[in-house]
Amino acid sequence: MQAAKHEHWSSGFTFLLAAVGSAVGLGNIWRFPYVVAENGGGAFVLIYLAIVVVFGIPLLMSELMIGRKSQKPPLDAMRSFKVSKAQRLWDAVGWSYLLVPMGILTFYSVVAGWTLDYAIGMGIGTFNDLKEGESAQIFADLQASPAKLIFWMTLSVGITVGIVARGLKSGLEQTVKILMPALFAILVILVLYASITGDFVRSFSFMFTPDFSKITPELVLMAAGQAFFSLSLGSGAIMVYGSYLTKDISIPKMAVGVAFADTFVALLAGFAIFPIVFAFGVDHAAGPGLVFVTLPIVFNDMGGIGQVFGLLFFLLLAFAAVTSTISLLEPMVAQLSESGKIKRPRAAIYAGAAFWFVGIFVALSNNILAEVYPLGFIPLFAGMNIEGLINFLAANVFMVLNGMLVAIFVGWAVKRSVTLEEMGLGDSVIFKIWFALVRFVVPVGVSLIFLDVAFGIFQ
C-alpha cells in the first residue's frame, strides 16, 4: 500500500486556528480559573505569564521546527534528523510523543463526556429550580453511573474519530474553522454578560493585583505546570501540526500567536467566571467542582436567562474539548496512515478503539473501580487508581519529560545551522536569545518541574 500523501494547511491562519484549538481546552476554561483562585490570583497570573514567555514560546518554536523541517509525524520526525549521538534515546522520545497523547485521551475523553452531558442537561432544563444540594447530587449521580459515563465517553470518542478520519483538509481544518470562531464568540458573550451583571472590578483586581508575599517555589512550579500543559507541549499535537506547515510560514510568528491566543482565552475564561462567582457570593476557590457543581447553581439563580448562558457555557467547554481531542489523536493516526500500511479512516478507527478501550477502565475508576490501585505498592503511586495513575504518568511526568528532552535535542543534538535556517530569523539577537533559552534555561527549568511533579522535591 502506498504511503498517504503528507498534507499541508491551506494557510497560516488555518494552522493558527488549529494550534490554538489544540492548546485551548478544558485546561484553560475549566482548570485555569480554579487554579488561579487556589493560588492567590494576581501573583499566580503574573508568574504564569512570565513562564509562557520564557518556557512556552521557546518550546513551541522547537516543536514546530522539528515538525516542519521533517514534514513527518513525531516518530519519523525524530529519526529524520539522523543525529550522530543517542539516536535510540531520540527514537524513544518519538514513541513517547505518539503514546502520551493516547494516554491523555483516555481520561480527557471522559471529562469531555461530562461537558456533553451538562450541555444537554442545560438545554432540556435539568438544572432549573435546583434545591440545596441537588447540583452536587447530579454530578455525583453522573460519576456513580458506569452506563452514563461510558455512553458519553463513547460519544466523545466517536466525534473525535469521525473528524480525524476525514483527514487534514476535510476533517481538522473544517472543524476548527467552525468551532474556534464559535468558541471565541461564546466566550466573549459570556464575558460581556459577566461584566454587566457581575463584579467585574473585583475580578480584575483579583487577577491582576499581585500579592508578592504569595510567590513561593510551589506557586512558581504550579504556574509553570499550568502553562506547560495549557500550551499542549510534549503531547505530540504541536509537532504534528507543525509538520503540516509550508516553508513560507514563520515559525516564530506562529509560536507567539498560539501562546498569545491560548493565554488570552485562559484570561477571558477567568473574566467569564469570576465576576459571576463574586457577585453571587460563591467560594471562588471551590476547586474542580467550580464548573460542574458551583456554576450550575449560579446559572439557576439567574432565572430564565441563566439556562441560556449555562447552555452556552457548557457548549463552550464541549467545543474546547473537541478541538483538543482531535489534536491528541492526530499524531498516532498520521504515523499509522503515512507509513503506507493502513489508510487514514481505518487508522483513526484503530487508534480510537485503543484509547476507548482503556477509557472504559478510566470511566469506571469514578465508581466500581475507584479503589483499584494498580501500582499502589510503590510509594510514589500510592492512592492512585487507574484514572489517577494514567493522568499522573501522561500529563505530569511524560509530557514534562518530553518537553525537556526536545529542548535538549534542539539545543544540543540538532545542528545549529539547521535551526538557524528553519527559524528564518538570521543570526540575530532574537535567535540567539531563543537558542540560549532552549539550550540552558528550558532544560534546567523544565527538569525542576519534572522533579517536583514526579517526586515532590519542593513540597
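This report looks at aromatic ring pairs, and at charges over rings, in a predicted model.

## Ground rules

Residues are numbered from 1 along each chain as its sequence is written, and side-chain values use heavy atoms, with hydrogens and water left out. Since the model is predicted, local features need pLDDT of at least 70 and side-chain atom pairs count only at pLDDT 80 or more, while totals for chains, interfaces and linings use all residues.

Rings of Phe, Tyr and Trp (its six-membered ring) pair if their centres lie within 6.5 Å; planes under 30 degrees apart are stacked, over 60 edge-to-face, and the rest tilted. That rule gives 35 aromatic pairs. Take Phe204 and Phe271: their ring centres are 6.1 Å apart with the planes at 15°, so they're stacked. Phe204 belongs to helix 9 (residues 200–208) and Phe271 to helix 12 (residues 251–279), 67 residues apart. Helices here are DSSP runs (H or I, at least four residues), numbered from the N terminus.

Phe204 is partly exposed at 45% relative accessibility, whereas Phe271, at 10%, is buried. The cut-offs are under 20% relative accessible area for buried, over 50% for exposed and in between for partly exposed (1.4 Å probe, protein chains only).

Phe206 and Phe278 pair edge-to-face, 5.6 Å centre to centre and 80° between the planes. Phe206 is in helix 9 and Phe278 in helix 12, 72 residues apart. Both are buried.

Arg439 sits over the face of Trp412, 3.6 Å from the ring centre. Arg416 does likewise with Phe435, at 5.6 Å. The test is NZ of Lys or CZ of Arg within 6 Å of the ring centre and within 35 degrees of the ring normal.

Key: Helix = DSSP H or I, 4+ residues; strand = E, 2+ residues; numbered from the N terminus.
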